[in-house]
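Some terms used for protein structures rest on set criteria. The questions below ask how such terms apply here.

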Amino acid sequence: DTTMTVNGGCGMCKMAIETAVEDLDGVSKVNWDVQSKVLSVSYDASKVKLGQINTAVNKAGYDTEYSTAEDKDYQKLHGCCKYRDPEVVKDHQ
């Protein structure tokens with residue numbers, strides 16, 4: 001089991017982040033908390049590594065405490081999910 005901070009701001013972000021990680025072989029439980037920004041993952045370390053989980057989150061367009069999503073992936077996010085935009089962040093408070 002592990003936790004990591006993942007940037008995002010809404011229920012759509014929650015769905016996208018959780019889906020990206022749930023699709024990995026070896027992951028048994030995923031929860032991203034919108035308020036705390038903490039992603040909790042239960043997984044079988046013999047099937048999936050922390051780096052693969054982190055990469056899946058980045059590929060979905062979200063920054064983690066370990067690395068930043070590529071701009072091309074971030075730009076695919078829905079307008080209300082663009083957590084790098086101060087106006088979007090303000091709208092979600």
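The questions and answers that follow concern a predicted model.

Q: What makes E2 and E3 paired strands?
A: Two strands count as paired if DSSP finds at least two bridges between them. Strand E2 (residues 27–32) and strand E3 (residues 38–43) are joined over 5 bridges in the antiparallel sense, so by the criterion of at least two bridges they pair. Valine 27 stands opposite tyrosine 43 in E3.

Q: How do you know that E1 and E3 pair?
A: Between E1 and E3, which run antiparallel, there are 4 bridges. The requirement is at least two, so E1 and E3 qualify as well. Threonine 3 has serine 40 in E3 as its bridge partner.

Q: Why are E1 and E2 edge strands?
A: The open sheet has 3 strands in the order E1-E3-E2, with antiparallel pairing. Strand E1 (2–5) and E2 each have a single partner strand, so one side of each lacks a neighbour in the sheet. From one strand to the next, the twist averages 20 degrees.

Q: Which strands does helix H1 touch?
A: Helix H1 (residues 11–22) packs on the sheet and touches E2 and E3; the direction of H1 makes about 165 degrees with that of E2.

Q: Why is lysine 37 called partly exposed?
A: Buried means under 20% relative accessible area and exposed means over 50%. Lysine 37 has 24% relative accessibility, which lies between these limits, so lysine 37 counts as partly exposed.

Key:
Residues numbered from 1 in each chain as written. Predicted model: local features only at pLDDT ≥ 70, side-chain atom pairs only at ≥ 80, totals over all residues. Heavy atoms only, no water. Axes fitted to C-alpha atoms, helices over the stretch in contact; angles between N-to-C directions. Contact = heavy atoms within 4.5 Å. Buried < 20%, exposed > 50% of the residue type's maximum accessible area, 1.4 Å probe, protein only.
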